[in-house]
Amino acid sequence: MALIEVQVPDIGDFDEVAVIELLVKPGDTVKAEQSLVTVESDKASMEIPSSSAGVVKELKVKLGDKVKQGSLLVVLEGTTQSSPSAPAGSPPPQPSAGPGQQAKAAAPAPAQLSAPAPGGGGAVEVRVPDIGDFKDVAVIELLVKPGDTVKPEQSLITVESDKASMEIPSSAGGVVKELKVKLGDKLNIGDLLVVLEGAAGAGSPSPQPSPPQGERASPAAQPAPVAERTVPTAALPPHEPAAPTAALPHASPSVRKFARELGVPLEEVKGTGPKGRITQDDVQNFTRSVMKGEAQTKALAAKAPAGGGGAGLDLLPWPKVDFTRFGPVERKDLSRIKKISGANLHRNWVMIPHVTNNDDADITELEAFRVATNKENEKSGVKVTMLAFVIKAVVSALKKFPEFNASLDGDQLVYKQYFHIGFAADTPNGLVVPVLKDADRKGILQISQEMGELAKKARDGKMGPADMSGGCFSISSLGGIGGTHFTPIINAPELAILGLSKSAMKPVWDGKQFVPRLVLPLSLSYDHRVIDGAAAARFNAYLGAVLADFRRVLL
């Protein structure tokens, strides 16, 4: 089969533009006029179509490459051209200029002025200029509103076709008296955009009459072209914003069209492409998350019933108080850790139905063994803490009650075959949760050593994401401080968390008499959607039995 080289066609007055998206790959079959790549300058984003049909044999560009007119994009295997007279790799043929029409311009000219509006007292109607061979382009952004003062060449609206988006500038200065379009309207050449008061033409002493709708102005009547630029947005209903946003979503026209077809608000999608660009995969992944209930759009959250999805709780607004009225104050910003952990704790507390089971464990013999172990290993520098024994006991309990070593994923439970235990570490900047990996494969001394190393990294602020991810079950210990029992908050997506309070000597009845025993309070918070009260009570009872007689770990 014949090889066809497809090159960048005439893309207007742009010198070099960057390739920001590859829309085909080797082996793909493409049709004539099918988009191959998306390119972007500092002002515009556009898709480059193929001038031929065929199978992509070789892709000659990669993300980030700079291309210009004549640059080689792809090599196709095929013989079908979009136009029999066009040589391979040449730009797609422009439509011939018919009566009152001209070929597509590189960018829109400033919006045309029409004669003063009747009875307007100097009011001027500004209409859509010749924007090339585009028809029925959608208004995706309103850049001015009634009362705004605009200058000549200032952009009025943003319109978008399937392939490109552009801003329509005004050819006059003045005050916006009336806006004649709204978001979602379809426009063509000659359609009325705004009515200005006190308008002054840009570059010509007298306004030019507007061409009738559907006709093209002659080239001589066009002011100097201005560059188009992409202003991607998802402003069409049902996600219509009240006013233009300051930072609009960064996506190609085809991705924005895809998002509109699915009803996805692009401003809520996180882009994973270069410079945060939103890709089609990002839109699809966002849609899957919403369908699974893992995420909510702002519109859905606003309509949710009280308590639904962690939003729309119908609460009173947070009180606004001027504290300085009552005395001197000092303001300090929350630490980065507190900002992150606070948001996670809030979500977990609102979205997970917590229940806490409280119990006590007799650790008299275990504490004596711990003290003796530390004396024997004094030279090693490894100090064994009670938490190390609790971690080992928790692993034994997780093996006996596997639903505690699971996570809820939609309507399914994910049972983990590994045992990674998180433990809360207090640092000067806030609480972090390092994760001790594969605790089932490690002895008490190794667990104690690794806990010490992780705790030091936490205090020094050197914890990485890998050190805090993958946990199956967490432990929050306040034993060194005090307290009897408390309700620890579950660390999602885990299903339970164990709280340890300060151990104390208590009189315990042994059947004949009260004897002094060292008792450790246990507080087990669990997700009641998955774990019922009886299972939690058995888990805590088993854990207490193991701590009372650590030989049970071997069973």
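Helices (H or I, at least four residues) and strands (E, at least two) are DSSP runs, numbered from the N terminus. The model shown here is predicted, so local features need pLDDT of at least 70, side-chain atom pairs count only at pLDDT 80 or more, and totals for chains, interfaces and linings use all residues. Residues are numbered from 1 along each chain as its sequence is written, and side-chain values use heavy atoms, with hydrogens and water left out.

**View 1. Helix α7 and its buried face.** Helix α7 spans residues 444-459 and reaches 22 Å from its first C-alpha to its last, close to the 22 Å expected at 1.5 Å a residue (1.5 Å times one less than its number of residues). Look for I444, I447, S448, M451, L454, A455 and A458, which are buried (under 20% relative accessible area, with a 1.4 Å probe and protein chains only). Seen down the axis, these buried residues fall within an arc of 135°, so they line one face of α7 (the arc is that of the directions from the helix axis to the C-beta atoms). Just after α7, G461 takes a positive phi of about 70°.

View 2. You will find P493 in the loop between β25 (473-477) and β26 (496-500).

**View 3. E33, a residue with positive phi.** E33 is not a glycine, yet its phi is positive, at about 75°. This residue, E33, sits in the loop between β3 (29-30) and β4 (35-40).

Notes
Buried means under 20% relative accessible area, exposed over 50%, partly exposed in between (1.4 Å probe, protein chains only).
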